[in-house]
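User: I have a structure open and would like to go through it. Can we start with where the chains meet?

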Protein chains: 2
Amino acid sequence: VNPERSPRHGPALGVDIGGTKVLGVALDADDEVAAEARATTPHSGIFDPNDPAAGDGAAAVAGAVAEVVAALRRATDDDGRAPVGVGVPGMCDRQGVLRFAPNLAAASGADIAALLAERLPDTILVIENDATCAAVAEHRLGAAAGDENVLLVTLGTGIGGGVISEGRVLLGASGFAGEIGHMVVDPAGPPCPCGRRGCWERYASGGGLARLAREAAYAGRLPAVVEAAGGDAEAVRGEDVTKAALAGDPGALGVMEDLGWWVALGLTNLTAVLDPARIVIGGGLVEVGELLLTPTKKAYAEQVEGGRRRPDVAIVPAALGERAGAVGAALTARDRR
Amino acid sequence: VNPERSPRHGPALGVDIGGTKVLGVALDADDEVAAEARATTPHSGIFDPNDPAAGDGAAAVAGAVAEVVAALRRATDDDGRAPVGVGVPGMCDRQGVLRFAPNLAAASGADIAALLAERLPDTILVIENDATCAAVAEHRLGAAAGDENVLLVTLGTGIGGGVISEGRVLLGASGFAGEIGHMVVDPAGPPCPCGRRGCWERYASGGGLARLAREAAYAGRLPAVVEAAGGDAEAVRGEDVTKAALAGDPGALGVMEDLGWWVALGLTNLTAVLDPARIVIGGGLVEVGELLLTPTKKAYAEQVEGGRRRPDVAIVPAALGERAGAVGAALTARDRR
C-alpha cells in the first residue's frame, strides 16, 4: 500500500460558504491547491424551518456549492471520488444541520447535509463550521504550524472562531464550540442578529468598524473622510476609514486604535478561558495588516490577565488568506471520510 | 499484578488551598474519602517576588499544606508513598509556579512546588489549578459522571473554572486555561484585583453578591435587611441577602434574580466558546441551591445563542461540595504521578 494513495492522503475538495461568496479549492495529495472556483452567495429568501414554503434560500446556497464542486471536478479531472468538505458559518451540528446562522439567514436552520446530498449524489460529504475549518488549515499548513494550542479568529462580516487544544480541534458537545463572536462584552450594547446585546462581533468585526466609523464621523473626528463621502456622516463605511488610515488621516488612525482595543478585549477574554500559545487572525479586516494588528497587540499586552507573568502570546495574521476555510474544509473531509 | 495495587490505583492525598481554609482528603484505592483534615489559610504578608524580604506569605501557605498532609498521613497510616496533589487558586504553570493569583495575594508569584518540596521531602507532588481539580472530581465521581464535555464553575470569593473536552482536561499552553472569572463582561465596570475592569467575577461571585446587595440596600429595595443590619446599608453582606431570600423577602429575592442573571451571562458566553453538554456549579454560593439555580437557568435559557435550536444544556449543582477540589487534586496526583 502506497500511503500517498490511501484515502487519507489523496486529493480532496473544500468549499467555504461565506457571506458574499462561495469559494472552493481542490487540494492534491501534497496539500497544494490544484484548482480554485467561486460563485456568489445567493440570498434569495430567508429560510424559516417553521414555514411550509421555506427552503428556497438554503436550496439556492446548496446549489451554489454544487456548482463550485462541479467546476473543481472538471478542473482536476476528478471522477467524484475525492471527498468534499464544506465550511458553513454558524452553529453546525454533527449531522450537518446548520442549526443557527445569524450571518447567513438564508440558510439558518437548514439541513445542509441533506440538501447537498441531493445535489452531489455518491459523494463523501463532511460539513463543518467555517472558522473551525480555517483553524485546521492554519494549524496544519499556515500561520500556526507547529503550535499545539491555537486560537483562530476570523474578523469579517461577523467573528468566527476555531480552537486547537493540544493538537486537536475543539468541537464541543454538539460541534458548536468556537462561536466566539457571541460572547457578550457589554450587556447594554447594541442589539445583535443573534438576539442578544453587546456581542463581541458588534464591536470587532467589519460591522463593528462601520459602527465605530459612523460614531467618529458624527463626533467630528473624521472631517476629511466625511467630505470624501459627500458630506454625509451616515454614508461613511469601514473601507473609507481603513483607506484614510492607510493614508495617515489622524482621525481614521484613531478609529483603528478603537477597533484594535475591542479586538484585544475579546482576545484577552478568550486567552483567560483557553490559554492559547498563538492567536491567528484571519478574515477581511486583517487585510489592512499592521494598521489593525499594532493597536490590537498593544491593547492585548495591557489587558491580558497575568500580563508579564505569563509567556507572551504570539498574535499573527493568517497565512492562507481567503482560502483558509476552503483548504481546511478539504483537510477535514480527508481526515474524517 | 493486582491492578488495585498498581500506582495508578492506590491511595492518594489531595489538598485544596482556598481563600479561607486549606482542606485535605485521603482517597483510598476505591476513591472513597478515608480521612479529612483542614487548616486556616494564613494571610500573613503579601508575597511580592520582586521584594528581597518577600516569601513569608507563600511559605506560611506551604506550611499549612504540609501540616494538613501530615495529619492525613497519620490518619491513614501512610508512610509517605501516596502521591500528593495540591489545588491552587489562580494561574499555576506546569512547573508548579503560581504565576498570578488575584484571590490569594499572599502566594501570588510563588514557586509552590519548590516550597512544598522543602516541607514534604521524598513526596510525589503534583500542583494544579483548584477549579481544574474540581472539574476532574465532578467528572470522575460527581455531578458530571458520564458526560464528556463539561464546564465546571466555582462561585466563591472569585470564580474558578475547569473544562473537560471530549473527556480530557483542557489545560492550555501553560496550564492557565479556565480563568473564566476574568472574562470582561462590561469594560466600564468596577475594577478587579486582576487589574482589569468589569470582570465576570465582579458580578457573579460572593463579592459580586455583596456589591449587588449594597446597591439594592442603597436603592431602598432591602428595607428589612438594612434594618436587621443596624440601619446601615454599607453593613449589608451577601449572607444577609441569601438568608432574607430564603425567608421570602421580596427585595432579597430580587437581588438573587439579578445575581442569577449575571451568572447566566457568563455561562452563555462560555457556552458559545466551549459548547458543554453539562455545566456544574460549585463553590460557596451554590449552597443556597434553587434560590440561585432557578433564576440562573431561566436567564440562561433566554440568553443562550441558538436558544431552542441547540440541545438543552444541563445546569446542575456540584455533587462533591467543598471537597471537590481536594478530591480532584488527589485524582490528578494519581493520574500524573
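Analyst: This is a predicted model. In it, 48 residues of chain B and 48 residues of chain A take part in the contact.

User: What area is buried between chain B and chain A?

Analyst: About 4,000 Å² is buried between the two chains, and carbon and sulfur atoms give 53% of that.

User: Which three residues supply more than any other three on chain B's side?

Analyst: Those are V273(B), E305(B) and R309(B), which supply 19% of the area that chain B buries against chain A.

User: How many salt bridges does the rule find across the interface?

Analyst: The rule finds two between chain B and chain A. One salt bridge joins the side chains of R168(A) and E166(B), at 3.7 Å from N to O.

User: Which elements of chain B touch chain A with two or more residues?

Analyst: They are β6 (98-100), β10 (168-169) and α8 (250-274) of chain B. The largest share comes from α8(B), with nine residues.

User: What classes of residue are on that side?

Analyst: The side of chain B that touches chain A has 25 nonpolar, 13 polar and ten charged residues.

User: Which elements give two or more residues to the lining?

Analyst: In chain A, the strands are β1 (12-17), β2 (21-27), β8 (150-155) and β9 (159-165), and the helices are α3 (130-141) and α10 (324-336).

User: How does the lining divide by class?

Analyst: The lining of this pocket has 13 nonpolar, 20 polar and seven charged residues.

User: Now chain B again. Where is D130(B)?

Analyst: D130(B) is in helix α3 of chain B, residues 130-141.

User: What is D130(B) in contact with, leaving aside neighbours within four places in sequence?

Analyst: D130(B) is in contact with D16(B), I17(B), G87(B), V88(B), P89(B) and G325(B).

User: What separates the C-alpha atoms of D130(B) and D93(B)?

Analyst: Those C-alpha atoms are separated by 12 Å, and the two residues are 37 residues apart along the chain.

Methods:
Residues are numbered from 1 along each chain as its sequence is written. Chains are lettered from A and ligands numbered from 1 in the order in which they are written. This is a predicted model: local features need pLDDT of at least 70, side-chain atom pairs count only at pLDDT 80 or more; totals for chains, interfaces and linings use all residues. Side-chain values use heavy atoms; hydrogens and water are left out. Contact means heavy atoms within 4.5 Å. Buried area is the accessible area (1.4 Å probe) that two parts lose on being put together, summed over both. A salt bridge is a side-chain nitrogen of Lys or Arg within 4 Å of a carboxyl oxygen of Asp or Glu. Helices (H or I, at least four residues) and strands (E, at least two) are DSSP runs, numbered from the N terminus. Ala, Val, Leu, Ile, Met, Phe, Trp, Tyr, Cys and Pro count as nonpolar, Asp, Glu, Lys and Arg as charged, and the others, Gly among them, as polar.
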